[in-house]
Protein chains: 2
Amino acid sequence: MQVNHKQYRAVWWDNGVIKYVDQRLIPYRFEVAEARTLSDVVDAIITMGVRGAPTIGVMAAYGLALATSNGGNPAAAYKTLAETRPTAVNLKVGLDRVMGGNAANILENARRFDDSEVAAAEAVGENGNQLISPNARILTHCNTGWLAAQDWGTAAAVIFKAHHAGKKPFVFVSETRPRLQGSRLPAWEMTNEGVDHVVIPDASSAFLMSRSEIDIVIAGADRIAANGDTANKIGTYSHALAAKAHGVPFYIAAPKSTIDLGTPTGADIEIEERDESEVLSVRGVDENGVLRTVRVASLTSGARNPAFDVTPADLIAGIITESGVVKPTVEAMHAHLM
Amino acid sequence: MQVNHKQYRAVWWDNGVIKYVDQRLIPYRFEVAEARTLSDVVDAIITMGVRGAPTIGVMAAYGLALATSNGGNPAAAYKTLAETRPTAVNLKVGLDRVMGGNAANILENARRFDDSEVAAAEAVGENGNQLISPNARILTHCNTGWLAAQDWGTAAAVIFKAHHAGKKPFVFVSETRPRLQGSRLPAWEMTNEGVDHVVIPDASSAFLMSRSEIDIVIAGADRIAANGDTANKIGTYSHALAAKAHGVPFYIAAPKSTIDLGTPTGADIEIEERDESEVLSVRGVDENGVLRTVRVASLTSGARNPAFDVTPADLIAGIITESGVVKPTVEAMHAHLM
């Protein structure tokens with residue numbers, strides 16, 4: 001996608017260095033950051049310099065290439081990278097695709113994985129676009145645009161494709177507490193692309209559906225179990241329950257690398273709990289454009305911060321991948337991956 | 001309730017001046033503000049210096065007394081005050097209870113209304129406490145403590161009574177975007193009272209219920225229609241849908257003054273839309289304790305900000321009032337109010 005008339009991916013390899021759009025600074029500043037060591041890569045993933053399951057997968061793949069080209073042991077680097085975020089499966093997929101051979105092989109594999117993820121993201125967008133009616137009012141959640149998926153996106157790729165097809169979608173961007181990825185990232189991307197949208201508090205989606213203001217929900221995924229149960233950013237499941245109650249179709253959009261046949265059901269997905277400070281404090285820019293963290297909660301209270309939830313397959317109308325739209329059942333998904 | 005070993009109500013009359021705990025500064029600073037004119041009262045209500053339907057009702061009642069004792073026309077003051085917040089019914093109930101007679105009568109009526117609201121809040125707490133098991137894990141939403149209801153509270157009154165009864169409740173305080181009333185006000189009150197609690201993002205309740213971490217939900221109400229449909233702070237309906245999906249009982253706690261037989265159903269309740277800036281920016285204290293507003297959303301995006309939603313009666317196990325627990329049906333509620 002374009003930023004200031006220049007084409008970018010979320011993460012790229014540049015002469016022995018990994019570069020990435022620093023997602024901690026979006027939407028306030030557009031800066032390219034560098035990872036020169038394995039520890040830089042781990043730090044970028046853990047502190048959310050890079051976010052979004054497919055982008056994390058590509059970052060990990062290049063991270064393995066970086067570590068081995070710096071003389072590191074590939075197996076040790078694999079282990080370190082695999083442990084950065086427990087819920088996203090693309091991370092392990094990315095690492096598995098690039099392991100093996102010497103440093104040059106690993107880099108070549110990482111480049112191939114990167115390109116295949118971008119092609120998948122674009123195809124996800126095209127396949128999802130078939131489901132979108134003109135003037136559709138679409139709810140999406142969290143970071144599902146090109147920053148999340150190297151290019152195009154997952155759920156937002158569908159929106160971008162519908163927009164480019166002249167369907168004039170209107171998007172409700174769920175802000176996605178606690179880190180507010182929705183109001184920061186896809187909202188910024190949609191402004192850049194000229195997509196009409198508003199930010200909403202996460203828990204207002206049920207009300208908006210009760211007033212018939214939302215036609216379709218499209219969310220991304222961090223891991224899809226073999227039976228179609230889907231882990232995605234916390235709040236996704238609430239949107240799905242609201243959609244069910246109001247007969248609004250709820251879709252997941254994700255590359256096939258997100259489907260994990262090794263995880264039988266949603267109950268088998270480990271849910272990462274992140275630090276309570278993400279709930280108790282918020283980061284933003286003050287009136288002078290200075291980035292500040294402010295405490296919003298009572299000073300003596302603690303918080304719980306589960307980063308993901310699991311939407312059961314029976315709430316999902318279909319899963320949009322680069323190969324089409326598949327029903328979330330064991331049989332259909334098996335066939336879809338063949 | 002006590003603050004620094006002194007007993008407070010949320011709003012009180014003091015020698016021709018209305019004083020109130022400034023809820024815009026809680027939990028960072030405890031300050032008593034004054035309203036000396038009708039326009040001060042209107043400003044305190046609109047800018048959320050006072051919040052919570054029952055507290056707003058008492059503020060409006062004293063506001064009418066203030067305006068008339070300052071020589072204002074009671075009917076004009078009534079109209080001005082009634083228009084400050086369209087959703088909360090207690091505001092009109094408070095005004096109706098105190099209208100009539102001269103300034104002294106109106107003040108006397110306002111004092112009587114104040115005392116009756118406090119007695120009702122305490123009785124709500126006692127009646128709700130009958131529903132609480134030892135060690136219950138309770139979800140609550142928004143501002144439902146003593147600041148919201150002059151004293152004791154609505155939903156939080158139940159929690160305070162259970163706590164004083166030695167039941168050791170554990171409370172999940174839903175933060176309540178966009179204004180974060182949950183993480184600021186009841187969380188602060190629970191710290192003061194020694195009630196064990198954590199703050200959670202609003203849209204994490206469904207996930208926590210799916211992991212069997214929540215036993216009961218108790219929310220307040222801004223207006224209860226004749227059929228039991230209940231308007232409350234945005235996000236309440238999402239909690240109710242999640243509770244339904246997981247078999248968790250969902251209760252409303254509110255004084256009878258919140259029940260509006262003149263509103264047939266939830267569809268007849270006007271839902272206030274507030275300024276988009278509440279969603280796009282957040283207020284908190286920086287590391288030096290300075291209150292600051294920071295922009296959290298993409299700088300060029302707008303927002304929708306419906307302040308309330310409507311939970312249909314069929315999702316509500318019962319409505320806890322000062323007279324007991326009533327089923328949310330036209331017949332039962334009619335009988336309950338007789």
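Chain A and chain B bury about 4,600 Å² between them, and 62% of that is on carbon and sulfur atoms. Why start with an area? Because the size of an interface is often given as the accessible area lost when the parts come together. One caution before I go on: this is a predicted model.

Let's stay with the interface. How many residues of each chain are in contact? On chain A, 62 residues, and they meet 62 residues of chain B. Turn to the polar side. There are 26 residue pairs in polar contact across the interface of chain A and chain B, with both residues at pLDDT 80 or more. Helix 9 of chain A, residues 236-246, gives the largest share of the side that touches chain B: six residues. By type, that side of chain A divides into 34 nonpolar, 15 polar and 13 charged residues.

Now the charges. The rule finds four salt bridges across the interface of chain A and chain B. Here is one of them. A:Glu175 forms a salt bridge with B:Arg177, and the closest N and O atoms are 2.6 Å apart.

What about Glu175 in chain B? B:Glu175 lies in the loop between strand 7, 170-174, and helix 7, 181-184, of chain B. Is B:Glu175 buried or exposed? Its relative accessibility is 0%, so B:Glu175 counts as buried. The contacts of B:Glu175 include A:Arg177 and A:Val279 from chain A. From chain B, they include B:Leu180, B:Gln181, B:Val199, B:Ile200 and B:Asp202. That list leaves out residues up to four places away in sequence.

Next, the sheets. Strands of a sheet pair through backbone hydrogen bonds, either parallel or antiparallel. Look at the open sheet of eight strands, in the order 16(A)-8(B)-7(B)-6(B)-9(B)-12(B)-18(B)-19(B). The pairing in this sheet is mixed.

Strand 8 of chain A, residues 196-200, pairs with strand 16 of chain B, residues 302-303. The sense is parallel, over two bridges. A:Val198 stands opposite B:Gly302 in that strand of chain B.

On to helix 8 of chain B, residues 186-193. Six of its eight residues are buried, and the helix is mostly covered. The buried ones are B:Pro186, B:Ala187, B:Trp188, B:Glu189, B:Met190 and B:Glu193. What covers them? The cover includes strand 1, strand 6, helix 6, strand 7, helix 7 and strand 8 of chain B. After helix 8 of chain B comes B:Gly194, with a positive phi near 75 degrees.

Last stop, a hairpin in chain B. Strand 14 of chain B and strand 15 of chain B form it, with five residues between them. In the turn, B:Gly289 has a positive phi of about 80 degrees. The two strands pair in the antiparallel sense over five bridges. B:Val285 has B:Leu291, in strand 15 of chain B, as its bridge partner. How enclosed is strand 14 of chain B? Four of its five residues are buried, so strand 14 of chain B is largely enclosed by the rest of the structure.

Note on methods. Residues numbered from 1 in each chain as written. Chains lettered and ligands numbered in written order. Predicted model: local features only at pLDDT ≥ 70, side-chain atom pairs only at ≥ 80, totals over all residues. Heavy atoms only, no water. Buried < 20%, exposed > 50% of the residue type's maximum accessible area, 1.4 Å probe, protein only. Pairing = 2+ DSSP bridges. Contact = heavy atoms within 4.5 Å. Buried area = accessible area lost by both parts, 1.4 Å probe. Salt bridge = Lys/Arg side-chain N within 4 Å of Asp/Glu carboxyl O. Polar contact = N/O pair within 3.5 Å; in protein donor to acceptor, adjacent residues only side chain to side chain. Nonpolar A, V, L, I, M, F, W, Y, C, P; charged D, E, K, R; others polar.
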